[in-house]
Amino acid sequence: DRVNKFPIDSLILHNLKAAMDSAAFARAKQINTEESYLQFMKSFPTALQLNNAIELRDEVSFLEALKMNTHQSFQSYLLRYPQSHRAKEATDRYDKLLFEEKTKNKKLDSFKTFLKEYPESPYANEAQQQVFEIATASGEPEDFLNYRTEYPSTIQGKVVNDILFHIYKEK
């Protein structure tokens, strides 16, 4: 008799769950932190707003990485959210900041070290160009020969042959 007095059916329960999900998502949006979205996702794994929560979590985390603006912050972001819609931008920023950090003293050794440690970096060609320019800045044939010996298969290594030809031709 008591159950019949209260009109409870699956539709009412479904609507009540949807209302709770919406209220919890609104609260997570109001707090607007990575932790609030993670808590929402953990507590309401079947909510309709789950994809929105994931996107907002990624966005808030990316903005935090931007505030810190270090290669470590973007690396951490990429490790946590590799499938993020901001992963490409985070990767680009990571690569740029890593190159700048590792070569900030603009010395030959730092560019050589960068090339050894990060040969697949999009900034490897720029580092290689810097190595070439610094190592051969004196214009002495020995420096060009040393460069060609150390880096025979680079684009600059091929240019060295032409430069050496002209140097020896003038002499």
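Guide: Before we start, contact here means heavy atoms within 4.5 Å. This is a predicted model, where local features need pLDDT of at least 70, side-chain atom pairs count only at pLDDT 80 or more, and totals for chains, interfaces and linings use all residues. Residues are numbered from 1 along each chain as its sequence is written, and side-chain values use heavy atoms, with hydrogens and water left out.

Visitor: What do the buried residues of α5 pack against?

Guide: They pack against α4 (50-68) and α6 (87-102). The buried ones in α5 (residues 71-80) are His71, Ser73, Phe74, Tyr77 and Leu78, where buried means under 20% relative accessible area with a 1.4 Å probe, protein chains only.

Visitor: What puts them on the same side of α5?

Guide: Their arc, taken from the directions from the helix axis to the C-beta atoms. It covers only 160 degrees around the axis, so they sit on the same side of α5.

Visitor: Why is α8 called roughly antiparallel to α9?

Guide: The axes of α8 (residues 124-135) and α9 (residues 141-150) cross at roughly 150 degrees and come within 9 Å. Angles over 145 degrees count as roughly antiparallel, so α8 is roughly antiparallel to α9. Gln128, Val131, Phe132 and Ala135 of α8 meet Asp143, Phe144 and Tyr147 of α9 in that contact.

Visitor: Which residues of α9 are buried, and what puts them on the same side?

Guide: Pro141, Phe144 and Tyr147 are the buried residues of α9. Their arc is only 125 degrees around the axis, so they share the same side of α9. They pack against α8 and α10 (155-170).

How values were computed:
Axes are lines fitted to C-alpha atoms, for helices over the stretch in contact, and angles run from 0 to 180 degrees between N-to-C directions. Helices (H or I, at least four residues) and strands (E, at least two) are DSSP runs, numbered from the N terminus. Angles under 35 degrees count as roughly parallel, over 145 as roughly antiparallel, 65 to 115 as roughly perpendicular and the rest as oblique. Buried means under 20% relative accessible area, exposed over 50%, partly exposed in between (1.4 Å probe, protein chains only).
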